[in-house]
Amino acid sequence: MEEKALLSPKDAVAEALIHLCETDDRIVVLNADISSCVGLHDFTSRFPERAYNLGVAEQDLVLTAAGMALAGKIPYAVSYASFLAGRAYDTMRNAVAMPNLPVRFVAVCAGITAGEEGAAYQALEDIALMRALPKMTVLVPADFQSTRRLLLNSLSWNGPLYIRLGCIPLPRLYGTDDGFPVGGGRLLREGKSVTICACGIMVHEAMKAAAVLARQGIEAEVIDCYSIKPLPVMLIQSSLRRTGCCVVAEEHNIIGGLGSAVAEIAATTCPIPIRFVGVEDRFGQSGSSEELQEYYALTHQHIVSAAAQVWPLRRR
Amino acid sequence: MKCDRAKKLEQIALEVRKDLVRMASVTGMKYLSSSLSMADLIVYIYWEVMSLRPEEPNWPNRDRLVLSKGHACPTLYVALAHRGFFSREELWNYNKLGSMLQGHIEMCRTPGVDAGSGSLGLGLGIANGIALGLRCAGIRSRVFCILGDGELQEGSFWESALTSASHKLSNVYAVIDRNAAQSEGPTEEIKALEPLDEKLKSFGWQVFHANGHDFASLHQAFQAMLSIDGPAALIASTKTGQGVPMMEKNQPLIRTAIARDEMSQALTELEEMSRNGNEG
């Protein structure tokens, strides 16, 4: 695919929502004044009676979605990750997660992909917040196709769901027919030396790192952990048992995200050394996402060095 | 409203208050004052206004009620028990481990409730969403939301108040239990709400007033409110602890339970007040 044609996970939203609405008349789409950002105008003109702009009011967005779910609808609530998971957390907890309502939160411009907007927009703790909510499902896809499939699959999922989407174009990882069950993971590359678990944009870095490591004689196994909760426990466990060491890479605070989720599994079922590649408990700042990836040590080189450190410590 | 009907409602309200006092004493329930201020409102709405089927709690065409002032849920629980949604025995297990009646409403556990509550200021937004959902489904039920006045200090309420008006939610009715008290004292001293009716009107709401402890006054206000298209709000003037003098006197008592030995005194006071009321 040519450079120009690269798509971001966020680009999958509008078309997937149209497809979903054609499939099921219970679906409604609510947003907090970000139709243009997500490209919802086509959707709105096709389904005017099923599109709601709640204005600049994330709490009200979540509450209205909760009420519509109580009235039998399946609401997709779209907003910026930072203001959805951050500002509206209490409403998500009390009005949606506790009563286990089928509200799907589509959180866009997550993490450093918000780039130039700066720290306020860059949710680097949203996975931790959402993962700690009972009943909440948390998904972090790595490309356009997997985002599209996960959005379509979310229709039949029970309970609330949070899908975290970056807004920078990414290379294609998957074909149109690949399956992406909620709770699953994808073994992107097999290897017996070290397991690399990654999500979102870091899956691409993990693949680049695996190629570099292969040249050094370290065969990395790469898992796309797009389903952070529920985590693909069996897939991860069996890989950790084979390789005996692990690197987790995520574009999120190292506290509470995918790294913590993998470490919880490892600590309780197969203790092995792990290294974490992520944001070291800091807020973001303005910059292009490429610059921020470098600045916050979120590149394939950092995965390579983490793997080189953890590999000699592997447990066999 | 016919005099004998008002008398009947007063009798029901007396029984509701007596059960609230029993709950407070037996279970250590802390929110008796606030539950008492809302008692007549709940009785009027559940016995005079709402279309319900206790034997079919999820009947799609029922009227909905979202209790936003979640701490006062004991009043709702007593009303639901008396309307036959579940056994009155459940009341004595309020807030105990595994109970159907949680300290704050958990929707999935309790038949007859339309939404959970606990975090203040969220009810109106949920009520709006229900109204929008019902509109899509072509169901013409009404959605009531009972709010405390203290919780109107939450910003989320005002976000949702804008939504009710801008989406022309004609079947949304907010009922505000204006007891003028919050946990730490009078609302007007802590974070003033007045002129509350002007605020709501400027947000695009129609506003009505009533004495929240007088069924004739409530009847008149509800008749007027339900005859127009909403969103409409009823500001009901109430008193914390209404009906139980020991709770009325000791302000602020919003979070105070009553001891077991005070229960019989409170029940006697309630009976006496009701007798005096009937004679007068």
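Domain bounds here come from an automatic or database domain assignment. For chain A, that assignment gives domain 1 (3–165) and domain 2 (186–313). This is a predicted model, where local features need pLDDT of at least 70, side-chain atom pairs count only at pLDDT 80 or more, and totals for chains, interfaces and linings use all residues. Residues are numbered from 1 along each chain as its sequence is written, chains are lettered from A and ligands numbered from 1 in the order in which they are written, and side-chain values use heavy atoms, leaving out hydrogens and water.

Let's start with how the two domains of chain A sit together. Their centres, taken over C-alpha atoms, are 26 Å apart. Domain 1 puts 30 residues into the contact and domain 2 puts in 34, with contact meaning heavy atoms within 4.5 Å. Between them they bury about 2,200 Å², 59% of it on carbon and sulfur atoms; buried area is the accessible area (1.4 Å probe) that two parts lose on being put together, summed over both. On the domain 1 side, Ile112(A), Leu124(A) and Arg131(A) lose the most area, together 34% of what that side buries.

What about charges? The rule finds two salt bridges across this interface, a salt bridge being a side-chain nitrogen of Lys or Arg within 4 Å of a carboxyl oxygen of Asp or Glu. Arg164(A) forms a salt bridge with Glu251(A), with their closest N and O atoms 3.4 Å apart.

Over in chain B, have a look at Trp205(B). Not counting residues up to four places away in sequence, Trp205(B) touches several residues, including Leu124(B), Val172(B), Leu200(B) and Pro231(B).
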